[in-house]
Amino acid sequence: MPDPPPPLTRRTLLAGAAGVAGVALLAACGSSGEGGETSDDGGDGGDTGTDQRSVNLGAVFPLDGLLVTGSPQRLPFIVIDAEGAPLDDGPESLEFVVTDLDGNPVGEPVTVGRRNQGIPTAYYPLIFDFPEPGTYQATTTVDGQELVPRAFSVAEPSAVAVPQPGQPMVAVETPTTADPRGVDPLCTRDPECDLHRETLTEVLAQGGPTALLIATPAYCQTAICGPVLDVMLSQEAAFPDVRMVHAEVYKDPEAVDNIADATLAPVVDEYHLSYEPALFLANSDGTIAVRLDTIFDESEVSEALAQLT
């Protein structure tokens, strides 16, 4: 069984420069490892997409500094081929086993269905409630092959800066069509989306359900994060009462030769993000109800929006 590739740095991750497989194998944010180049050729296969291929488990979330105790946590995983490229035709479901580092099971196995509505990459969002802080690992079996476990850390909520469900949204004067606030371009989608009419601060002050998507379509063009803005836009008509705001990750991406040198937009720092994209969904009182990180499809976003009051 092949060893998992090395982790990414924070800047490489935010720049989306490591390619499809690099972003898929997101590891500890801020670590010193670098993601190498990998093929994005998923190969041919049958119904499960794993025939005659060695596969592995990819963690599509920061392995450190994000997960907390005290509430159900979302851990999106993907199945990758021997070269590290995510499969778009994985099994219909996977049964995940969470253990401590000694291999002792924590809780019961969890079966997770495949998600890929409106996006090219199939993923499996494991929802798990961790009993105490520490280092855990998760694994699954594909075609009788137990995959290499993925280890990750879980902390007390007070030790993680990224806003959690149950906490208030952070009011930010996000760029608008009337006042870009120095962010250029205002929206890197082509054509520009219509979610820049009001600042997040204005939307929260008016009350009502709110959705904030922090993402940069033009500078994170991988199978993992590229389509998420279109995913949210696909839900506008179905949820007209939800005030949706899109904010770019970079303030000046066209002013630099290397996107890793671009200045981050204020919203990224205000939400303490070391990754993107991130979707924050808040109830009418401004309390975060759901947070979806890194990869999400139309069905998962629709279900999350339906929870807002």
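On a 1 Å grid over the protein atoms alone, a pocket is an open set of points with protein on both sides within 12 Å along at least five of seven lines, whereas a cavity is a set of points where a 1.4 Å probe fits but cannot get out; lining residues have an atom within 4 Å of a point. Grid points are joined across faces, edges and corners, and a volume is the space filled by probe spheres set on the points. The structure described here is a predicted model, in which local features need pLDDT of at least 70 and side-chain atom pairs count only at pLDDT 80 or more, while totals for chains, interfaces and linings use all residues. Residues are numbered from 1 along each chain as its sequence is written, and side-chain values use heavy atoms, with hydrogens and water left out.

The chain contains six helices and 13 strands, where helices (H or I, at least four residues) and strands (E, at least two) are DSSP runs numbered from the N terminus. Of its 309 residues, 52% count as buried, a term that stands for under 20% relative accessible area, with exposed meaning over 50% and partly exposed in between (1.4 Å probe, protein chains only). Among contacts (heavy atoms within 4.5 Å) between residues at least 6 apart in sequence, 68% join residues at least 24 apart.

The largest pocket holds about 350 Å³ of space. It is lined by 19 residues, of which Arg-74, Ile-127, Val-290, Arg-291 and Leu-292 are the closest to its centre. Two or more lining residues come from each of strand 2 (73-80), strand 5 (124-128), strand 13 (288-293) and helix 6 (298-305), and strand 13 gives the most, with five residues. By class, the lining of this pocket comprises nine nonpolar, four polar and six charged residues; here Ala, Val, Leu, Ile, Met, Phe, Trp, Tyr, Cys and Pro count as nonpolar, Asp, Glu, Lys and Arg as charged, and the others, Gly among them, as polar.

Salt bridges, defined by a side-chain nitrogen of Lys or Arg within 4 Å of a carboxyl oxygen of Asp or Glu, come to a count of eight. In one of them, Asp-230 pairs with Arg-189, the closest N and O atoms being 2.7 Å apart. This pair links distant parts of the chain, since Asp-230 belongs to helix 4 (residues 228-233) and Arg-189 to the loop between strand 9 (150-154) and helix 3 (200-206), 41 residues apart. Asp-230 is partly exposed, with a relative accessible area of 41%, and Arg-189 is likewise partly exposed, at 25%. A salt bridge also forms between Arg-243 and Glu-198, with the closest N and O atoms 2.5 Å apart. Here, too, distant parts of the chain are linked, with Arg-243 in strand 11 (residues 243-247) and Glu-198 in the loop between strand 9 and helix 3, 45 residues apart. For the salt bridge of Asp-293 with Arg-291, the closest N and O atoms are 3.0 Å apart; Asp-293 is buried, with a relative accessible area of 3%, and Arg-291 counts as buried at 9%. Salt bridges that share partners join Glu-173, Asp-179 and Arg-181 into one network.

Aromatic pairs also number eight, the rings of Phe, Tyr and Trp (its six-membered ring) being paired if their centres lie within 6.5 Å, with planes under 30 degrees apart counted as stacked, over 60 as edge-to-face and the rest as tilted. The rings of Phe-61 and Phe-77 have their centres 5.4 Å apart and their planes at 90 degrees, so the pair is edge-to-face. Because Phe-61 lies in the loop between strand 1 (56-59) and strand 2 and Phe-77 in strand 2, the pair ties together parts that are 16 residues apart in sequence. Both Phe-61 and Phe-77 are buried. Phe-61 also pairs edge-to-face with Phe-152, the centres being 6.0 Å apart and the planes at 75 degrees; this pair links the loop between strand 1 and strand 2 to strand 9, across 91 residues. One aromatic cluster is formed by Phe-61, Phe-77, Phe-96, Phe-128, Phe-130, Tyr-136 and Phe-152.

Most residues other than glycine have a negative phi, and most peptide bonds are trans. The peptide bond from Asp-184 to Pro-185, however, is cis, with omega near 5 degrees, and Pro-185 lies in the loop between strand 9 and helix 3. Arg-181, placed in the loop between strand 9 and helix 3, has a positive phi of about 55 degrees although it is not a glycine.
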